[in-house]
Amino acid sequence: MVTASGLPASNINLPVSSATVTVQALDTTLCLYVRSANFLDPVIPGHEAYNCPVLAFLVTHTAANGSIRRVLFDAGGRKDYWNYSPLVTGRFKSGFNVFGFTCPKDVNDVLCEAGIMTGGDDHDVEAVVWSHWHFDHIGDMSRFSKGTKIVVGPGFKANLLPGFPLNPESPLLETDYAGRELDEITFDSALRIGAFRAHDYFGDGSFYLLDVPGHAVGHMCGLARTTEESFVIMGADTCHFAGALRPSPTVPFPDTFDVNDGLDPVFNSPCPCTMFLDCHPASTDQKSTPYYKASKTPGSAYVDPHTADMSIAALRDFDADPNVFVGLAHDPALFEILPLLNTNRYASINDWKANGYKAAARWRFLNELPRNGKPGRPPLVMGWWRGAKRVTVQEAFAR
């Protein structure tokens, strides 16, 4: 069970080490437009659906002897989405959550185009960490070498295996994991970072996996040391919108925003924070209360919303720390400010602090919030797409 620390950010107890990793952000090319009610509580009028691009991270560890190990944290979707398990495609066809879907490339395509993967039977990527088992994070593992293992969180094997077709009701395919090592992290050591149980992946303090429950069985975050004192936390789906993190008592609204806060041109600069309080669902302390909690509606994407809320609260401690950059998987702001592997194979985000990415990303979610009961920004995608063509639902799932 996770309990929110409720402590000042300086008491997260970030571990000490001189070992670092190189962190690169990549656009998986999967982009969704989804129903808010199943992810966000409450539903704010004008924000009944929200934009949901999907970010992944490539973590590169270089040892003292020069040997290189690469780990991919999350793998996005699959461009042949009609080949997910029948359980997943059935939900797609029903329109239950997804109103817009495009995925022109697999994450493997992105890595090959960047020269990270050669396409041969090699070990360009040692492991793919599935932050959790949902379709937008597991990619198409059949396109990775069998030498690439999958790393999953606690409870995964007991709750999710076997996959389809052996289990006709599984959200996974047997081909997702068959013939490769499946490493389940048990978090059985005493190591904790903040409120979360932690696992030192490389054994030198450069990259940790964190047990962050609430959203899905086995949900994990990554914590990468980018300098001796600074970190990037790969927040995965701890929450699905940055307005569930901010504002908060430790990261409250300023009285005014300026051009450096990344607001859209429709807003004046300086812009009073009161512009964003009309749609705030809280009746008091709006400047220090997040807009959202985890959805508790029937059909919620959170397996345990109460625990999810505690995990989100614990993540706020990291968000408040000036030495930690929080990267949620579905934050549109990150696609606007971070250098991406897609366009520069050498682009890293290790210098996030020097470049001011944390401040630049912090309040951009406000652009997505409704104004006068209407969406703040248009959908990034509507309907189903195959490549560059919009198709009907029937065409989308034709094999």
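Predicted model: local features only at pLDDT ≥ 70, side-chain atom pairs only at ≥ 80, totals over all residues.
The chain contains eight helices and 19 strands. Its radius of gyration is 20 Å, close to the 21 Å that the globule rule gives for 399 residues, so the chain is as compact as a globular protein of that length. If you follow the C-alpha trace along its principal axes, it spans about 55 × 55 × 40 Å.

Now consider what is hidden and what is on show. Of the 399 residues in the chain, 58% are buried, where buried means under 20% relative accessible area. The accessible surface comes to about 15900 Å², and carbon and sulfur atoms account for 52% of that. The contacts tell you about the fold too: among those between residues at least 6 apart in sequence, 69% join residues at least 24 apart.

Next, find the open sheet of nine strands. Their order is E8-E7-E6-E4-E3-E1-E5-E18-E19, and the pairing is mixed. At the edges are strand E8 (182–184) and strand E19 (389–391), each of which pairs on one side only. From one strand to the next, the twist averages 25°.

E1 covers residues 22–35 and pairs with strand E5 (residues 98–102) in the antiparallel sense over four bridges. Here Tyr-33 stands opposite Gly-100 in E5. E1 is also joined to strand E3 (residues 49–62) by 11 bridges, and these two strands run antiparallel as well. In that pairing, Asp-27 stands opposite Leu-55 in E3. How enclosed is E1 by the rest of the structure? Of its 14 residues, 11 are buried, so E1 is largely enclosed.

In soluble globular proteins, nonpolar side chains tend to be buried together. The largest nonpolar core in this chain has 66 residues, and the members that touch the most others are Phe-101, Leu-210, Tyr-291 and Leu-366. Helix H5 (residues 305–320) supplies the largest share of this core, five residues.

How values were computed
Residues numbered from 1 in each chain as written. Heavy atoms only, no water. Pairing = 2+ DSSP bridges. Axes fitted to C-alpha atoms, helices over the stretch in contact; angles between N-to-C directions. Rg over C-alpha atoms; globule rule 2.2 N^0.38 Å. Buried < 20%, exposed > 50% of the residue type's maximum accessible area, 1.4 Å probe, protein only. Contact = heavy atoms within 4.5 Å. Areas by Shrake-Rupley, 256 points an atom, 1.4 Å probe, with all protein chains shown as cover. Core = buried A, V, L, I, M, F, W, Y, C linked by side-chain atoms within 4.5 Å.
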